[in-house]
Amino acid sequence: MSQRVNTMFFDVVRNNKRVVQIFLALITLPFAFWGVDSYVRSSGAGADLASVGDSKITLPQFDQAWRAQQERMRQMLGASFRPESMNTPEAKLAVLNSLVDQRLLLLEAAKDRLVAGDDALREVIGKVPSLQEDGQFSMARYRAVLAAQGMSQAQFEAQLRQDLTLQQLVGAIGETGIAAKTLTAAMLHIQSERREVAELRFSADRFVGQVKIDPAAIKRYYEENTKRFELPEQSRAEYVVLALEALLDKVKVSEAEITAWYEGHQDRYQQAEERRASHILIVSNAEVNKEQAKAKAEQVLKEVQKSPNAFAELAKQYSQDPGSAEKGGDLGFFGRGMMVKAFEDTVFKLQENEVSGLVPSDFGYHIIKLTGIKAGKRRPLAEVRADIEAELKRQAASRQFAESAEAFSNLVYEQPDSLQPAAERFGLTIQQSAWLPRQPAPESLAALGQLGNAKVLASLFSDDSLKNKRNTEAVEIAPNTLLAARVVEYRPASTRPFDDVKAEIEASLKVQEAALLARKAGEAKLGELQQNGAEVQAAWGPAREVSRAESRDLPASALKAIFKADVRKLPAYVGDEAIGGSYVLYRIAKVSHPDIVDDNRRNALQRQYDSILAQEDFAAYLANLRLRYKVDINKSALENKER
């Protein structure tokens with residue numbers, strides 16, 4: 001399903017209750033990909049990945065859900081998304097379990113004969129913002145959006161009906177998760193508690209001068225931690241890049257070529273005729289008798305024929321189209337293919353200001369008035385010249401790249417001792433890299449630029465590149481972009497000599513010992529304070545109030561210690577290690593609660609606990625369904641599947 005249609009589904013979900021949104025977010029993978037029948041019916045045997053009751057989850061269904069999940073992650077994470085992070089047994093099993101949960105819900109909905117009615121469907125579609133104009137549902141926009149995505153109205157509404165049906169099932173479970181108000185009040189009391197604290201810091205820096213490190217300890221640390229001083233193998237490379245984008249600047253397109261293209265593709269620059277119409281719709285469906293609807297439409301038609309200039313007022317009075325009635329039935333301008341066939345055929349036969357007879361459609365009976373015509377015309381060459389030039393340049397560059405790519409690949413292979421021949425033939429610049437590791441961390445690949453490609457790095461560190469000093473093969477690092485490289489310098493993996501790291505180890509050991517001294521001094525002072533209380537004098541920092549929600553930059557461990565402290569007798573004292581080897585004491589002098597708790601905060605906390613309980617109920621419901629329908633997961637088929 002396209003992103004535009006997916007957005008319409010998300011608009012629908014946003015208009016429903018929060019608890020339902022949470023559950024649907026847990027099982028969002030493939031609702032929009034298959035109809036209910038494809039879930040419920042038994043699939044063929046074979047290497048199916050799971051069975052849910054009598055139905056199967058097949059490899060194609062898993063593949064489609066897998067691709068959808070990858071796309072969602074790519075949109076969420078952007079450039080930081082790594083496809084290999086999803087190619088793990090855990091990620092595969094998570095996708096498959098989502099499919100199982102969805103299948104369970106669909107089977108249960110089918111068993112209970114749950115289905116969203118037509119009225120519910122119309123109401124939801126009418127409220128989707130992307131289908132509205134001036135705050136009102138637009139049938140023209142609805143048709144246009146679906147047509148642009150190659151989707152019929154019947155397909156979209158069937159998928160939406162399925163989604164609403166599942167919301168009914170999920171919502172019925174979610175509504176049971178309501179936390180007791182006494183629990184909320186107790187938790188709010190705890191969360192709103194504030195404690196006034198002051199700090200006394202024992203910095204490790206104060207004790208560094210007291211530390212003396214035995215040279216034997218330095219040597220022993222080096223020998224016991226040699227891995228910390230290993231240097232990975234590295235290489236520096238030179239490389240050339242053949243890219244379609246670079247060819248674009250070299251391509252020249254003549255005015256004659258642009259004109260010839262324009263004349264030869266006139267249909268691409270032809271703006272089709274558009275017409276504007278207003279209509280009065282009398283609905284006919286399963287809930288409304290067709291003959292009664294037709295009789296009412298005929299009565300309205302007589303009034304329109306009697307007073308054609310009052311069409312807008314009559315539309316406001318009689319039309320049952322919620323999107324256009326308030327606008328006098330106006331549907332705006334539209335072209336062919338944007339309305340149902342019977343409606344469109346009638347509109348494009350009418351003369352301006354002419355009123356049709358009754359026009360039946362799947363929606364009911366229409367009375368149509370043509371209110372405007374925009375004749376078709378061809379866009380002038382001056383208006384589209386830049387687009388044509390860009391397209392012709394890209395076509396020419398694509399041809400050149402296709403011709404050059406094979407020759408480039410062959411040349412770096414046939415003359416493996418240098419990249420200079422390829423650079424001279426194709427007008428490329430030989431570039432130099434910094435030191436490259438064999439296996440960089442995934443998050444550092446981007447910093448390596450065009451060389452941050454797993455296949456390029458594997459080629460550079462191959463025996464052929466390192467021992468024989470040959471060019472790598474031409475690697476496609478992006479669409480229409482080839483790169484070839486060669487190693488110019490290599491450093492094998494090694495361990496830094498002891499003399500190079502001796503001072504570094506000594507400094508590190510001094511910091512460790514100083515941190516121990518700081519902790520001992522802090523703990524001694526803490527014991528003294530806890531024993532003697534306020535009688536012991538200390539240089540405390542300024543007091544400040546903190547709460548569990550407002551930590552004022554306190555470390556999490558310090559905040560936890562402060563709120564675990566016994567405050568029945570004040571002042572109370574606790575200690576905690578800080579970043580950098582310091583040890584910090586905290587003096588708790590005051591405990592307070594606000595006289596008035598903000599209602600918004602109370603309500604937010606109530607909703608949070610309601611949501612937690614509802615999710616627990618939902619998880620228990622799914623677990624029960626798994627027992628009732630007998631779920632079998634074929635883990636070996638999942639693990640053996642190549643991606």
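This is a predicted model: local features need pLDDT of at least 70, side-chain atom pairs count only at pLDDT 80 or more; totals for chains, interfaces and linings use all residues.
## Close-up views: salt bridges and nonpolar cores

Since Arg 194 belongs to strand S5 (residues 194–202) and Glu 545 to strand S19 (residues 544–547), the pair ties together parts that are 351 residues apart in sequence. What about the exposure of Glu 545? Glu 545 counts as partly exposed, at 27% relative accessibility.

**Arg 438 and Glu 233, joining two loops.** Here the closest N and O atoms of the salt bridge are 2.4 Å apart. Arg 438 sits in the loop between strand S15 (436–437) and helix H18 (454–460), while Glu 233 sits in the loop between strand S6 (230–231) and S7; the pair links distant parts of the chain, 205 residues apart. Arg 438 is partly exposed, with a relative accessible area of 33%, whereas Glu 233 is buried, at 16%.

Glu 528 pairs with Lys 525, and their closest N and O atoms are 3.7 Å apart. Both residues lie in helix H20 (residues 498–532), 3 residues apart, or about one turn of the helix. Glu 528 is partly exposed, at 34% relative accessibility.

**A salt-bridge network.** Glu 199, Arg 201 and Arg 544 are linked to one another in a network of salt bridges.

**The largest nonpolar core.** This core has 30 residues, and those touching the most other members are Val 240, Ile 388, Phe 401, Phe 408, Val 412, Phe 426 and Leu 428. Which elements give two or more residues to the core? They are strand S7 (234–243), helix H11 (244–248), helix H12 (255–264), helix H16 (381–414), helix H17 (420–426) and strand S17 (481–491). H16 supplies the largest share, with 11 residues. As general background, nonpolar side chains in soluble globular proteins tend to be buried together.

**Around Leu 428, and a look at a second core.** Leaving aside residues up to four places away in sequence, Leu 428 touches Val 240, Val 241, Leu 242, Phe 408, Ala 422 and Ala 423. A second core of 28 residues is separate, and among its members are Val 95, Leu 104, Ala 109 and Leu 638.

Key
Residues are numbered from 1 along each chain as its sequence is written. Side-chain values use heavy atoms; hydrogens and water are left out. A nonpolar core is a set of buried Ala, Val, Leu, Ile, Met, Phe, Trp, Tyr and Cys residues joined through side-chain atoms within 4.5 Å. Buried means under 20% relative accessible area, exposed over 50%, partly exposed in between (1.4 Å probe, protein chains only). Helices (H or I, at least four residues) and strands (E, at least two) are DSSP runs, numbered from the N terminus. Contact means heavy atoms within 4.5 Å. A salt bridge is a side-chain nitrogen of Lys or Arg within 4 Å of a carboxyl oxygen of Asp or Glu.
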